[in-house]
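Please open the structure in your viewer and keep the selection panel within reach.

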Amino acid sequence: TTFGTLFSDALQLQDAIFSVVTEPDLLLPSPVITALTPTDAGDTITFALSITHSGASTVAAFDLVIMATVPDTLVVTATPAVPGTSSLVASHHVVEWRQATLALGDTFSALFSVQVQNFVQPLDVGLLCQANLSYDSYPLTLHDQPGRPYTAQAQSAPATVALPHANATLAATSFPESSAAHVVVGEEVTFSVIVVVPEVVVAEQLRLTFPQAELHILAVTVTVGSNLNCTAPALAWGGSVVGPGALPINTTVTVDFGVC
């Protein structure tokens, strides 16, 4: 507010001039994962960023710098161009966009993709995007120095790493006359356990426990899919059992796949 006063011999006039300072006020919502989750090693995750003016914003924002950072378990693979914006992959884990002006009412939107690295582990945390925004209330070129710094930060939800899982079924019985739920003494029963191993580095073991003493193991067969790169599977028999045979109560058979 500026006041001005005019004096005369018998007259005094006074007036005031009011001015309003306009300021930009930008919103940086949390980046959104637009690709699959849970994810697996080698998969692609796409993050979407968006910046808008808030209801309190009264003027354009200038000299925007938007930076997205991902952890070492993710590597940037693609950054589609944003019209009117320069983008730079500063490293395998950082993407930076620069935009001279974001007019009042306009929106900045960007996508970028990352690939999950092979050394990711099940239950790994922190597979997310950290976004940072800085901008100014007037162009840097106007006064050759920045004005008041404005900043904002946001963080995406994390992607979930896929976990190994197993599915056990009663595959077959030797007597077609008996049902799977009502086998008879002397009948051969085949159990099938399928283990799904995600494309992550994992030490994998499968433990099978047989709680009844009336069982007699004839054979255990282990096969590994051709798409898995595991060390040679090995069988380990728990308790005093050595190889297939009569089972004491709670005998455990461990199939060690090594590192896959």
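Predicted model: local features only at pLDDT ≥ 70, side-chain atom pairs only at ≥ 80, totals over all residues.

The chain holds 1 helix and 17 strands, and buried residues account for 32% of its 260 residues. If you count contacts between residues at least 6 apart in sequence, 68% of them join residues at least 24 apart. Switching to a surface view brings up an accessible surface of about 15,600 Å², with 58% of that surface belonging to carbon and sulfur atoms.

Next, go inside and select Trp 97, Phe 112 and Leu 133, which touch the most other members of the largest nonpolar core, a set of 34 residues. Then colour the elements that each give two or more residues to this core, among them strand E5 (44-53), strand E9 (94-102), strand E10 (107-116) and strand E11 (130-136). The largest share, 5 residues, comes from E10. As background to this stop, nonpolar side chains in soluble globular proteins tend to be buried together.

Now select Glu 96 and Arg 98, which form a salt bridge whose closest N and O atoms are 2.8 Å apart. The count for the model comes to 1 salt bridge. Are the two partners buried or exposed, or something in between? Glu 96 counts as buried because its relative accessibility is 13%, under the 20% cut-off, whereas Arg 98, with a relative accessible area of 45%, is partly exposed.

From Arg 98, move to Thr 85, a residue in contact with Arg 98 and also with Trp 97, Gln 99 and Phe 108, once its neighbours within four places in sequence are left aside. Thr 85 lies in the loop between E7 and strand E8 (86-91), and at 16% relative accessibility this loop residue counts as buried. Display the side chains of Thr 85 and Gln 99 together to find the polar contact of 2.6 Å that joins them.

With a relative accessibility of 40%, Val 183 counts as partly exposed.

Note on methods: Residues numbered from 1 in each chain as written. Heavy atoms only, no water. Helix = DSSP H or I, 4+ residues; strand = E, 2+ residues; numbered from the N terminus. Buried < 20%, exposed > 50% of the residue type's maximum accessible area, 1.4 Å probe, protein only. Contact = heavy atoms within 4.5 Å. Areas by Shrake-Rupley, 256 points an atom, 1.4 Å probe, with all protein chains shown as cover. Core = buried A, V, L, I, M, F, W, Y, C linked by side-chain atoms within 4.5 Å. Salt bridge = Lys/Arg side-chain N within 4 Å of Asp/Glu carboxyl O. Polar contact = N/O pair within 3.5 Å; in protein donor to acceptor, adjacent residues only side chain to side chain.
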